[in-house]
Amino acid sequence: MGEKAYTLVLVRHGESTWNDENRFTGWADVPLSEAGKKEAVASGKELAAQGYTFDLAYTSLLKRAINTLWSVLEETDLMWIPVKRSWRLNERHYGALQGLNKQQTVEKHGKEQVLVWRRSYDIPPPELDEASEHYPGNDPRYKDVEKALLPKTESLKTTEARFLVEWEQNIVPDIKSGKKVLIVAHGNTLRALVKHLDGISENEITGLNIPTGVPLVYDLDADLRPVPHKDAMAPLQGRYLGDQEAIKGRILGVANQTK
Amino acid sequence: MPEVKYTLVLIRHGESDWNRQNRFTGWHDVPLSETGELEAAEAGKTLAKEGLQFDAVYTSVLRRAIKTAWHCMEQTNQMWLPVTRAWQLNERHYGGLTGLNKAETVAKVGEAQVLIWRRSYDIPPPEVETTSEYYPGNDRRYKALTPEQLPKTESLKLTLERVLPYWESDIKPAMQSGKRLLIAAHGNSLRALVKHLDGIPDDVIPGLNIPTGIPLVYELDEDFKPIPSADAIAPLNGRYLGDREMVEARIAGATSTGHK
């Protein structure tokens, strides 16, 4: 493994209003809850306190990530840096389950089936209909995206595939040009990224929980391989910033939730 | 009547912390005051009420304009729009006066001199020292600028000379590619744009007040000439959104709040 050449910081956005209501969210553009807003500000304050600075930020087209990014930029006094938004950083699309209440879905399809849809690496939920409000083809923000690329459902596997296109085409060149990059995104797109960076198996990634609102810092060598950090929590080679004990507790605690 | 080819919305940010303290601001990156935040949110609500949709947002690299853009995007539920931050849309640089209190400066050099620096078209304030924190060469956000591009002071004329090339190179092509734009910027960078759009003379533009937080809508023909609005208030061809009496009062009263 090489010497540290680059720093990359990841932040998963915090609680949304639908987390609160226990509904499958996916590409539905729901706002942060009050708790989520606080998490966003806290993550920014943590980065500022530890002296992190950035040259460029990436985020999705979903307001819960964008709002989190805005809080981070404000707290770190970096509102002036360029921001690139891409649908490829969006959360995994939840297909026909989007908008449905998780409990009701369990009652309808059974606990095991729902667990498969949520925790399988490559089995996606049922496809939604093109007439659905949740079909991205009906949302003007995706009007410049090729129709064939717009999902009617996604698994973690397909999410990873479409995320990595952005990673390879845009994010990697930016990092290699020497820019300090901040990525504010979602649970499954960040899973896709750390799986790729840390070589995490398909089995292990589906159960990996990335706590919300906690900056995750990667030191990367010249080939963009992580330089392991002493504070890294396996299987990740990056490290979380903040109270390490509290973070460990949150990682274990989230394991019981269902997201 | 020529056809409307492009719709362009301009918004001047509201009160900043230094407006409140009555200090010359220019390129110094001060945040909006609480009042300024409310103004920005109101502007966004006005845009939402009007049903205006955009494809892209342009703003400066100064947080008071960026925050104003964010509020507009939030209120119109378009947070997903691409935002381009351009130093060329920054407020006019106030040179060696940056940071100074306006009243103190008047006491020091006299009201007439200060009025010239503030209201002249082409006489800039004294230059800032290159060692000063207010010299942009000492701010890493401007590291891509050449020494010639880094201002030590600006008049409205010099501001225009770096706004208009950006209008030509970036903003017009964006509109030509079909994008409906929102531009959130500053008093003097917006003066530069409307001077160009509406052909306002050099001796009229310095005294033109663009009220803060009130969206200004331009409908342009295919040659980027404004199609005069029935609700336009001369010398502008664009129209302000909102109650006309309120707008006229704000145009007349803008100077009293300490804004340039």
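Buried means under 20% relative accessible area, exposed means over 50%, and partly exposed lies in between, with a 1.4 Å probe and protein chains only. The views below come from a predicted model, in which local features need pLDDT of at least 70, side-chain atom pairs count only at pLDDT 80 or more, and totals for chains, interfaces and linings use all residues. Residues are numbered from 1 along each chain as its sequence is written, chains are lettered from A and ligands numbered from 1 in the order in which they are written, and side-chain values use heavy atoms, leaving out hydrogens and water.

**View 1. Asn188(A) in helix 7 of chain A.**
Here we look at Asn188(A), which sits in helix 7 (residues 187–198) of chain A; helices (H or I, at least four residues) and strands (E, at least two) are DSSP runs numbered from the N terminus. Because its relative accessibility is 4%, Asn188(A) counts as buried. Its side chain is joined to that of Arg191(A) by a polar contact of 2.8 Å. A polar contact is a pair of N or O atoms within 3.5 Å; within protein, one must be able to donate a hydrogen and the other to accept it, and residues adjacent in sequence count only if both atoms are side-chain atoms. Beyond its neighbours within four places in sequence, Asn188(A) is in contact (heavy atoms within 4.5 Å) with Glu91(A), Arg92(A), Leu156(A) and Thr159(A).

**View 2. Thr59(B) in strand 2 of chain B.**
Thr59(B) belongs to strand 2 (residues 56–59) of chain B. With a relative accessible area of 0%, Thr59(B) is buried. A polar atom of its side chain lies 2.9 Å from the backbone oxygen of Ala184(B). Not counting residues up to four places away in sequence, the residues that Thr59(B) touches include Ala65(B), Ile66(B), Val83(B), Arg85(B), Leu89(B) and Ala184(B).

**View 3. Val4(B), ahead of strand 1.**
Move to the segment before strand 1 (6–12) of chain B and you will find Val4(B). Val4(B) counts as partly exposed, because its relative accessibility is 38%. Setting aside neighbours within four places in sequence, Val4(B) has contacts with Glu219(B), Leu220(B) and Ile227(B). For a distance across the chain, take Pro136(B): its C-alpha atom is 39 Å from that of Val4(B), and the two residues are 132 apart along the chain.

**View 4. Residue 77 in each chain, with its positive phi.**
Most residues other than glycine have a negative phi, and most peptide bonds are trans. In chain A, Asp77(A) is not a glycine, yet has a positive phi of about 60°. Asp77(A) lies in the loop between helix 3 (63–75) and strand 3 (83–85) of chain A, and its relative accessibility of 40% makes it partly exposed. In chain B, Asn77(B) is likewise not a glycine and has a positive phi of about 55°. Asn77(B) is placed in the loop between helix 3 (63–75) and strand 3 (83–85) of chain B; at 42% relative accessibility, Asn77(B) counts as partly exposed.

Pro235(A) is in the loop between strand 5 (216–220) and strand 6 (239–240) of chain A.

**View 5. The chains behind the close-ups.**
Chain A has nine helices and six strands, and its C-alpha trace spans about 50 × 40 × 35 Å along the principal axes. Buried residues are 56% of the 259 residues of chain A. Chain B has eight helices and six strands, and reading along its sequence gives the pattern β-α-α-β-α-β-α-α-α-β-α-β-β-α. Chain B has a radius of gyration of 17 Å, close to the 18 Å that the globule rule gives for 260 residues, so chain B is as compact as a globular protein of that length. The radius is taken over C-alpha atoms, and the globule rule is 2.2 Å times the number of residues to the power 0.38. Of the 260 residues in chain B, 57% are buried. Among contacts in chain B with a separation of 6 or more, 77% are between residues 24 or more positions apart.
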